[in-house]
Amino acid sequence: MDYDMLVIGSGPSGRRAAVQSAKLGKSVLVVDRGRRLGGVSVHTGTIPSKTLRETVLNLSGWRERGFYGRGYRVKQDISVGDLVERLHKTLDHEVEVLQHQFMRNTVKSARAAVKFLGPNKVSLTTDNGDYSEVGFANALIAVGTRPHRPRDVPFDKTRIFDSDEMLELDRLPRTLTVIGAGVIGVEYATIFSALDVPVTLVEPRNSILDFVDREIVDDFIHQMRDRGMTIRLGSAVKEIRSKPEAAEVELADGRTIRSEVVLYAAGRTGNVGSLGLDVVGIDADTRGRIKVDPRTFQTSVPNIYAAGDVIGFPSLASTSMEQGRVAACHAFGVALPPPPETFPYGIYAVPEISTVGQSEEQVRESGAAYEVGVARFRETSRGHIMGVNTGFLKLLFSIETRRLLGAHIVGEGATELIHIGQAVINLGGTVDFFVNNTFNYPTLAEAYKIAGLDAWNRMGRG
């Protein structure tokens, strides 16, 4: 059978492209290799790690420690069972919602491995060997990524894990070493640290999260160290050994870190190996990423699109969804206005980090005159009520136009609060918006008013 749109992968970008195509009255087939719909996002990535984080913060009493001290706990002995119970409930719900969404929009789905036979045809092979061929007018490659697993790392799911396998731990480790301080590495490192597991974070480069405003990152590192995490920056890993009694990580400088468990979280690779991209002439780089036109998400073959993590940065579920929608609209000739230049970036570590617009480093590089406004959460009444001792909001304004250029937050609720900054930036708002508007009191959002006034007092009335 032929379809108007073939979607390979059912993660955020695949799902959104499939539903958008169906809403345009097109016939759609979604093919996924996984046991259930949802892709990496639902089963090993976004949803599980955020569910794990929420469960840990609730059961550990982390959010209340500002009041009751560092020894405070809601549940004394937290087991992996406690964490997994909520995880399965959440995942089941996500899959159910997705299946219903497909059914409602008459999107067909199949579980099979896909291989391109030409620019308008693929083969589907099921687990039990059933083979069929399907034609398509347009296709979207939305296969996502998997953890990068170098050959010299002895992954064994006993001592040494990748980020997908961390969800299968049978008990909480007594000590943990995380290799790789990218987004996934810092999220898992800080989540386990919130469970009072001693964590060592190892990163070969001298800095972490380079796309985030430096002041935010410096505060984040300070908070991690303040609660007892060990952070080794500029430390290349020479060898990882799995021993019966412990895992050993030998660093290039001669030091050895011993811990019960090692999480290797240094990079991810696109799941493109079995797609037969060479048949249609699409190239992937050494990490399995596909190059696309950033406006249309077309690959080098015009009727074959790619979206989501498989095309690289920013690798966010939120941006992936939008990419899938844009690709589907372009495929069927639906004109869309150009997207706003800024989108929010959320890192669900403990504490959260969220950022939108330009960092102070980028503003400085541009040569524009600017002013900064800062508000610390502990100075807001709501922060005080919540026992929030740390975290702050930083706003950057152009002195010439008074417009908001960037908003950066580290601390409780950062990923929710960022949307106020996003709206003001994308609507061309100025420092005067924050000064002249009333915010609910007491709220953490009131920090925008405080930071706005902080900058306004130095900028004058314009």
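Which residues does the UniProt annotation "domain: Pyridine nucleotide-disulphide oxidoreductase dimerisation" cover? According to that unreviewed entry, residues 344–449; UniProt positions follow the numbering used here, feature names are shortened, and annotations may be inferred rather than shown by experiment.

A word on the basis first. This is a predicted model, in which local features need pLDDT of at least 70 and side-chain atom pairs count only at pLDDT 80 or more, while totals for chains, interfaces and linings use all residues. Residues are numbered from 1 along each chain as its sequence is written, and side-chain values use heavy atoms, with hydrogens and water left out.

1. **The annotated span.** Residues 344–449 are 33% helix and 27% strand, and their end C-alpha atoms lie 20 Å apart. Helices (H or I, at least four residues) and strands (E, at least two) are DSSP runs, numbered from the N terminus.

2. **Helix α12.** The 13 residues of α12 (residues 414–426) should span 18 Å at 1.5 Å a residue, and the end C-alpha atoms agree, being 18 Å apart; the expected span is 1.5 Å times one less than the number of residues. Among the buried residues of α12 are Leu417, Ile418, Val424 and Ile425. Buried means under 20% relative accessible area, exposed over 50%, and partly exposed in between (1.4 Å probe, protein chains only). The buried residues of α12 pack against β18 (345–347), β19 (353–357), β22 (404–410), α13 (431–436) and α14 (447–459), where contact means heavy atoms within 4.5 Å. Just after α12, Gly428 has a positive phi of about 75 degrees.

3. **A stacked pair.** The structure holds eight aromatic pairs. Rings of Phe, Tyr and Trp (its six-membered ring) pair if their centres lie within 6.5 Å; planes under 30 degrees apart count as stacked, over 60 as edge-to-face and the rest as tilted. Phe313 and Tyr345 are stacked because their ring centres are 5.9 Å apart and their planes at 20 degrees. Phe313 counts as exposed at 58% relative accessibility, whereas Tyr345 counts as buried at 9%.

4. **An edge-to-face pair.** Phe397 and Phe434 sit 6.0 Å centre to centre, with 70 degrees between the planes, making this pair edge-to-face. Phe397 is in strand β21 (residues 392–398) and Phe434 in helix α13, so the pair ties together parts 37 residues apart in sequence. Both Phe397 and Phe434 are buried. Together with Phe433 and Tyr448, Phe397 and Phe434 form one aromatic cluster.
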